[in-house]
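The following note sets out, in numbered points, a colleague's reading of the structure. It may be followed with the sequence and coordinates at hand.

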Amino acid sequence: MASFGNQKQGLPGIQSMERGAASKGEKMAEIGFGTYRVSDENPEHIEALRMAVSAGVRLIDTSTNYMDGGAERAIAKALRFMEDDAREKVQIVSKFGYIQGSTMARLEAGEQFEEVVEYAPHVFHCIHPGFMWDQLERSLERLQAASLECYLIHNPEYFLLDALNKGQERSEVLDAMNDRLYRAFVALEKAAAAGKIDGYGVSSNSFAKAASDPEFLPYEDLVALAIHAAESAGNAHNHFTTVQLPLNLLETEGLKCAAWAKEHGLRVLTNRPLNAQHGTQMYRLADYPPSPSYDAHLNELLQLCDHDALASLGNLIQQLDEVKHRFGWVGEYESFLYGQVMPHIRQVLEKLGEAERGALAQQLVLFLEAYGAAVAHECSLKVRDTIGPQLEACERPLQECALAFLLQRPEIDVVLLGMRKPRYVATILEAFPVD
């Protein structure tokens, strides 16, 4: 995790601010806890959730497919033994739509879901009312809750993207897209009437696309769809309350959707505040310091590998050292690490005796930790070189500038951050204390 400083200089277009007061007297957005990679099997994740809630974070965002339901179970564990007043103040937002993990296993075992979109081998999707009810009940069970504050349709645009991949005209499938959303809205209105949810909405990456982009999901009709859905469900008013979309310092097209949402009284949640896509390249909007121990761990590991049995591993380590500056962003390195480097390392370790394996494994752990820090530092230098003109007046850490940009926007209500470790929570809330 990049470190957060406490300076309060500004960025062009980002005015100097103090927590609790945005520019021109606007109320600042809140920080929410995003649980994308949170697991109920990791004690650090549970403690980070407890720490955030105790510090005043009041919204937790999750989904049925995050760690195959593990994120929802983690939330339940974190809140189980907290004071009643703290638990009652927490709003839990979950999402449905993806068919992955155990849900995919159910499908493969012969269970039937209607209107499944088979977008890719490991990306199946469904927003059919029957699937919504199935997923909602499972979410409530994992969360050990009687109801949810909000339930979101998760990236419904897969239906549209699948049609485009099959060569269909976008205009031909938009009506069908809206029909699917409408029927899901009717089911969600019935869930609200039954007391299962307080509200619902849509989380879509396509809301952040330009209107001219084929992948753009039109949002202007969503309120009308919700009004008609409420009428069909017999509700006096609709329960459509929330939209969620990616927004960050480099991806600002979604501010149009956010402004539309606020005009219609909807809450706006933003995700990916520090992971930005600019053109075809991903960037981590954060500064990382250089690793002070990298050279030492590199040399120690190369010395251990200085014999024939470990020659291939020694060559791999040398190659890693030579390419540490070539990764575009941290996520690219992580994919390379787990996809190519770790399989080779495991093969080498399996051929060693127990004592030699233990010594080498320990040194590999130290090296890879230092190497990851070195790669992150190189990536952060690239980010500043690439978007330098936008950061000329920003003397604070880049991540603070990126968060400040979102937190002071009047169109945004909650900025969701992944805070899987207590030290992440501490550094984030030190820079931006919760009221």
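1. Are Phe185 and Tyr200 buried or exposed? In this predicted model, both Phe185 and Tyr200 are buried.

2. The search for aromatic pairs over the whole structure returns 17 of them. Among them is the pair of Phe185 and Tyr200, which is tilted, with 5.1 Å from centre to centre and 55° between the planes. The pair links distant parts of the chain, since Phe185 belongs to helix α7 (residues 170-193) and Tyr200 to strand β8, 15 residues apart.

3. Another tilted pair is formed by Tyr294 and Tyr371, with 6.0 Å between centres and an angle of 45° between the planes. Tyr294 lies in helix α10 (residues 294-304) and Tyr371 in helix α13 (residues 354-386), so that this pair, too, links distant parts of the chain, 77 residues apart. Tyr294 and Tyr371 are both buried. They also belong to one aromatic cluster, together with Phe327, Tyr333, Phe336 and Phe367.

4. Phe327, a member of that cluster, is located in the loop between α11 (311-323) and α12 (330-350). Its relative accessibility is 8%, and it therefore counts as buried, the limit being under 20%. When neighbours within four places in sequence are set aside, the contacts of Phe327 are Glu332, Tyr333, Phe336, Tyr371, Val375, Cys379 and Lys382.

5. Strand β7 (residues 150-154) has 5 of its 5 residues buried, so it is largely enclosed by the rest of the structure. In a regular strand, side chains alternate between the two faces of the sheet. Both faces of β7 are covered: Cys150, Leu152 and His154 are buried on one side, and Tyr151 and Ile153 are buried on the other.

6. The strand partners of β7 may be considered next. β3 and β7 run parallel and are joined by 4 bridges, with Tyr151 of β7 as the bridge partner of Ser94. β7 also runs parallel to strand β8 (residues 200-203), again through 4 bridges. Here Ile153 stands opposite Val202 of β8.

7. Gln144, in the loop between α5 (129-143) and β7, has a positive phi of about 55° although it is not a glycine. Asn155, in the loop between β7 and α6 (158-165), likewise is not a glycine and has a positive phi, near 50°.

8. α2 gives the most, with 4 residues. The space in the pocket amounts to about 340 Å³, and its lining divides into 8 nonpolar, 3 polar and 5 charged residues.

9. Where is His239 placed? His239 is in the loop between α8 (222-233) and β9 (240-246). Its relative accessible area is 15%, and it is buried. Apart from neighbours within four places in sequence, His239 is in contact with Glu189, Ala192, Asp198, Gly199 and Tyr200. Tyr200 is the residue already described as the aromatic partner of Phe185.

10. A separate item is an open sheet of 3 strands, in the order β4-β6-β5 and with antiparallel pairing. Why is one side of β4 and of β5 left without a neighbour in the sheet? β4 (98-99) and β5 (117-120) stand at the edges and each has a single partner strand, so one side of each lacks a neighbour in the sheet. The antiparallel pairing of β4 with strand β6 (residues 123-125) extends over 2 bridges, and Ile99 stands opposite Phe124 of β6.

How values were computed: Residues numbered from 1 in each chain as written. Predicted model: local features only at pLDDT ≥ 70, side-chain atom pairs only at ≥ 80, totals over all residues. Heavy atoms only, no water. 1 Å grid on protein atoms, 1.4 Å probe; cavity = no way out; pocket = protein on both sides within 12 Å on 5 of 7 lines; lining within 4 Å. Points joined across faces, edges and corners; volume = space filled by probe spheres on them. Nonpolar A, V, L, I, M, F, W, Y, C, P; charged D, E, K, R; others polar. Pairing = 2+ DSSP bridges. Buried < 20%, exposed > 50% of the residue type's maximum accessible area, 1.4 Å probe, protein only. Contact = heavy atoms within 4.5 Å. Phe/Tyr/Trp six-rings, centres within 6.5 Å; stacked < 30°, edge-to-face > 60°.
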